[in-house]
Amino acid sequence: MPTLLTPPTQGRATPAARNSEYQAFGNLVARNDLQALVEIPTMIRALRLGHFGRVLEVGCGRGIALPVLDERLSPERLVGLDIDEALLREADRNCARAGVRAELVHGDLRALPFDDASFDLVIDFGTCYHVSGGRRGSLQALLEINRVLRRGGAFVHETPVAQHLAHPIRSLGRTLPWKRVPSFFREKSALLWTLRTKA
Ligand SMILES: C[S@@+](CC[C@H](N)C(=O)[O-])C[C@H]1O[C@@H](n2cnc3c(N)ncnc32)[C@H](O)[C@@H]1O
């Protein structure tokens, strides 16, 4: 059974979610299915991701990716983190339905509640582009991901092309401040996704 480390507040948005200028995306069932059945398996093949022991998905939302990551990467520890407790409750149900053991953690990507070097792989399906606080928020997010990754660990994220296809208006002009996090080395890219390793 998945573990909700921070108990949810029934039916209410968290203070963080209430006060944030982050705008949630709608829930499209067809989009979720496409992501689980096509997008994520394609990403795993395209980047040739193998086994990773400790895997964190930041901005896991409804947990659509978690069963696929569990099946394909066989991690010993799988964690999904999100700022929205209502989405985490859905993720909890999704994981339970799929029989996936995942830790679901309520937290802010810009201040991750994990020790340094806790993960071998961090995956982000677009959250760093849309996190509150503009470019500064994105930088905080990248620095935090860098901190919780072990040296030599991998960070997989969407490219601006993927963002532009998914959110043509909202993603206009949004790029990530990679130059401010020089320890991330761009290892391979497959049009929609990039894998960086932490030097
Ligand atoms: C682009 S959606 C991605 C959702 C899901 N991973 C997917 O691929 O469909 C962004 C997710 O990031 C979460 N989020 C936004 N700001 C966040 C923050 N500061 N910390 C953690 N999660 C955040 C949102 O609640 C939302 O679930």
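1. A salt bridge, as the term is used in this note, is a side-chain nitrogen of Lys or Arg within 4 Å of a carboxyl oxygen of Asp or Glu. By this rule the structure has eight salt bridges, and one of them joins the side chains of Arg 150 and Asp 120, with an N to O distance of 2.7 Å. This pair links distant parts of the chain, since Arg 150 is in strand 6 (residues 149-158) and Asp 120 is in strand 5, 30 residues apart. Helices (H or I, at least four residues) and strands (E, at least two) are DSSP runs, numbered from the N terminus.

2. Some background applies to every point: this is a predicted model, in which local features need pLDDT of at least 70 and side-chain atom pairs count only at pLDDT 80 or more, while totals for chains, interfaces and linings use all residues. Residues are numbered from 1 along each chain as its sequence is written, and side-chain values use heavy atoms, with hydrogens and water left out.

3. The two partners in the first pair can also be described by their burial, where buried means under 20% relative accessible area, exposed over 50%, and partly exposed in between (1.4 Å probe, protein chains only). Arg 150 counts as partly exposed because its relative accessibility is 31%, whereas Asp 120 counts as buried because its value is 10%. Salt bridges that share partners bring Arg 54 together with Asp 120 and Arg 150 in one network.

4. A further salt bridge is formed by the side chains of Asp 116 and Arg 147, at 2.9 Å from N to O. Asp 116 lies in the loop between strand 4 (103-106) and strand 5 (119-124) and Arg 147 in helix 6, so the pair ties together parts that are 31 residues apart in sequence. Asp 116 is exposed, at 52% relative accessibility, while Arg 147 is partly exposed, with a relative accessible area of 23%.

5. The side chains of Arg 110 and Asp 108 also meet in a salt bridge, with 2.7 Å between N and O. Arg 110 is partly exposed at 24% relative accessible area, and Asp 108 is likewise partly exposed, at 21%.

6. Turning to distances at the ligand, a side-chain N or O atom of Gln 35 is 2.7 Å from an oxygen atom of the ligand, and a side-chain N or O atom of Asp 82 is 2.6 Å from a ligand oxygen. For Thr 127, a polar side-chain atom lies 3.2 Å from an oxygen atom of the ligand. The protein covers 90% of the 590 Å² of accessible area that the ligand has on its own, where accessible areas come from the Shrake-Rupley method with a 1.4 Å probe and, for residues, only the protein chains shown count as cover.

7. Ser 74 has a positive phi, near 45°, and is placed in the loop between helix 3 (65-73) and strand 3 (77-82); with a relative accessible area of 42%, Ser 74 is partly exposed. Leu 191, with a positive phi of about 60°, lies in the loop between strand 7 (184-190) and strand 8 (193-198), and Leu 191 is exposed, at 61% relative accessible area.

Terms used:
A polar contact is a pair of N or O atoms within 3.5 Å; within protein, one must be able to donate a hydrogen and the other to accept it, and residues adjacent in sequence count only if both atoms are side-chain atoms.
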